[in-house]
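Thanks for coming, everyone. Please look at the screen while I talk.

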Amino acid sequence: LASMPTATDADGDADADTTTSNFQPLMTLYLTDKTSPEDIKTASELKNDDGTPTIIGCKYYPAGATTNSDFGVTDVNNLYPVLAEMQKVGMMLCIHSEVT
């Protein structure tokens, strides 16, 4: 079974709650067909204790293109509003490209 990716800020909060040190990771979200512009806006507002962004970007995986990409994007055209919000808030887009 594939594990669920960190796809929303709530998922990231749940992951962060398991740490006990002062380590402040730079997190990314896994873009899915269900990612919304609101998810991006909310994620961009999350800050580490030192004021730096908690979530610095989003990962784009085409669905089924590689290991653990079962939750990936099936049609990039559906992400246009999400990509526009990412551009607006200055969030990085990380693209996993692979020929299938």
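I'll go from the overall layout to the sheet, then the helices, then the core.

First, a caution. This is a predicted model. Keep that in mind throughout.

Start with the layout. The chain has three helices and three strands. Walk along from the N terminus and the elements read α-β-α-β-α-β. The chain has 100 residues, and 30% of them count as buried. Now think about contacts between residues at least 6 apart in sequence. Of these, 71% join residues at least 24 apart.

Next, the sheet. In what order do the three strands lie? The order is β1-β2-β3, the sheet is open, and the pairing is parallel. β1 and β3 are at the edges with a single partner strand each, so one side of each has no neighbour in the sheet. On average, neighbouring strands are turned by 35 degrees against each other, ignoring direction.

A quick reminder about sheets in general. Strands pair through backbone hydrogen bonds, and they can be parallel or antiparallel.

Look at the two pairings here. β1 covers residues 27-30, and four bridges join this strand to β2. Find Y30: its bridge partner in β2 is K59. On to the other pair. β2 and β3 are also joined by four bridges, and they run parallel. There, G57 stands opposite M92 of β3.

How does the chain get from strand to strand? Follow β1, α2 and β2: together they make a right-handed β-α-β unit. Then follow β2, α3 and β3: these make a right-handed β-α-β unit too.

Now the helices. Take α2 first. Which of its residues are buried? They are D39, I40, A43 and S44. These four span an arc of only 130 degrees around the axis, so they sit on the same side of α2.

Why does that spacing work? An α-helix has 3.6 residues a turn, so residues three or four places apart point the same way.

α3 covers residues 80-89, and its buried residues are V82, E85 and M86. Their arc is only 105 degrees around the axis, which puts them on the same side of α3. What do these buried residues pack against? They pack against α2, β2 and β3. Turn to the face pointing away from the buried side. That face carries Q87 and K88, which are exposed. One more detail here.

Now the core. The largest nonpolar core has 12 residues in all. Among them are L29, L31, I40, A43, V82 and M86. α2, β2 and α3 each supply at least two residues of this core. Which element gives the most? That is β2, with three residues.

Where does L79 lie? It lies in the loop between β2 and α3. Is L79 buried or exposed? The cut-off for buried is under 20% relative accessible area. L79 has 3% relative accessibility, so L79 counts as buried.

Which residues does L79 touch? Leave aside its neighbours within four places in sequence. Its contacts are then L31, T32, Y60 and V73. Pick out L31 from that list. L79 and L31 are 48 residues apart in sequence, and 8.6 Å apart in space, C-alpha to C-alpha. L31 and L79 both belong to the 12-residue core.

Thanks. I'm happy to take questions.

How values were computed: Residues are numbered from 1 along each chain as its sequence is written. This is a predicted model: local features need pLDDT of at least 70, side-chain atom pairs count only at pLDDT 80 or more; totals for chains, interfaces and linings use all residues. Side-chain values use heavy atoms; hydrogens and water are left out. Buried means under 20% relative accessible area, exposed over 50%, partly exposed in between (1.4 Å probe, protein chains only). The arc is that of the directions from the helix axis to the C-beta atoms. Contact means heavy atoms within 4.5 Å. Two strands pair if DSSP finds at least two bridges between them. A crossover is right-handed if, with the strands pointing away from the viewer, the path from the first strand over the helix to the second runs clockwise. Axes are lines fitted to C-alpha atoms, for helices over the stretch in contact, and angles run from 0 to 180 degrees between N-to-C directions. A nonpolar core is a set of buried Ala, Val, Leu, Ile, Met, Phe, Trp, Tyr and Cys residues joined through side-chain atoms within 4.5 Å.
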